[in-house]
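Subject: Structure handover

Hello,

Here is the structure for you to look through. Please open it before reading on.

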Amino acid sequence: MSTPVTQATTHPVRVGTIVWGAVVLALGILIILSSQLGLDLDAGQTAIWFLLGAGVAMVSGGVVKILSRKKS
């Protein structure tokens with residue numbers, strides 16, 4: 001007996017996954033560069049700016065997704 005072949009389901013990439021990945025990557029690069037170049041950065045203020053940018057990116061990504069659903 002053979003089993004029927006099913007089509008692979010695709011999962012759309014979520015905006016939050018991309019945004020949080022970018023935030024973690026950027027923070028990692030910033031920490032490495034600041035330690036190597038001797039930069040004096042305020043960690044709290046830097047984190048706040050990154051979180052603000054992440055929030056804006058996720059909200060705008062959600063709005064774009066909602067607007068694209070309405071057109072379909």
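The model is predicted, so local features need pLDDT of at least 70 and side-chain atom pairs count only at pLDDT 80 or more, while totals for chains, interfaces and linings use all residues. Residues are numbered from 1 along each chain as its sequence is written, and side-chain values use heavy atoms, with hydrogens and water left out.

**Helix 1**

Helix 1 covers residues 15-37. Helices here are DSSP runs (H or I, at least four residues), numbered from the N terminus. The expected span of a helix is 1.5 Å times one less than its number of residues. G38 follows helix 1, and its phi is positive, near 70°.

Which residues of helix 1 are buried? They are V19, V23 and S34. Buried means under 20% relative accessible area, exposed means over 50%, and partly exposed is in between (1.4 Å probe, protein chains only). These buried residues pack against helix 2 (43-71).

S34 sits in helix 1. It counts as buried because its relative accessibility is 16%. S34 touches L39 and L41, leaving aside residues up to four places away in sequence. Contact means heavy atoms within 4.5 Å.

**Helix 2**

Helix 2 has 29 residues, so it should span 42 Å at 1.5 Å a residue; its end C-alpha atoms are 42 Å apart, which agrees. Its buried residues are T46, A54 and G61. They pack against helix 1.

T46 belongs to helix 2. T46 is buried because its relative accessible area is 17%. Its side chain reaches the backbone oxygen of D42 at 2.8 Å. T46 also touches L27, L30 and L41, again not counting residues up to four places away in sequence.

**Loop and surface**

Is L39 in the loop between the helices buried or partly exposed? L39 counts as partly exposed, because its relative accessibility is 47%.

L39 is also part of a nonpolar surface patch, with L25, I29, L33, L37 and L41. Together they have about 580 Å² of accessible area, by the Shrake-Rupley method with a 1.4 Å probe, where for residues only the protein chains shown count as cover. Patch residues have over 30% relative accessible area and no salt bridge, with nonpolar side chains (Val, Leu, Ile, Met, Phe, Trp, Tyr) joined within 5 Å and like charges within 9 Å. A salt bridge is a side-chain nitrogen of Lys or Arg within 4 Å of a carboxyl oxygen of Asp or Glu.

Best regards

Notes: Helix = DSSP H or I, 4+ residues; strand = E, 2+ residues; numbered from the N terminus. Polar contact = N/O pair within 3.5 Å; in protein donor to acceptor, adjacent residues only side chain to side chain.
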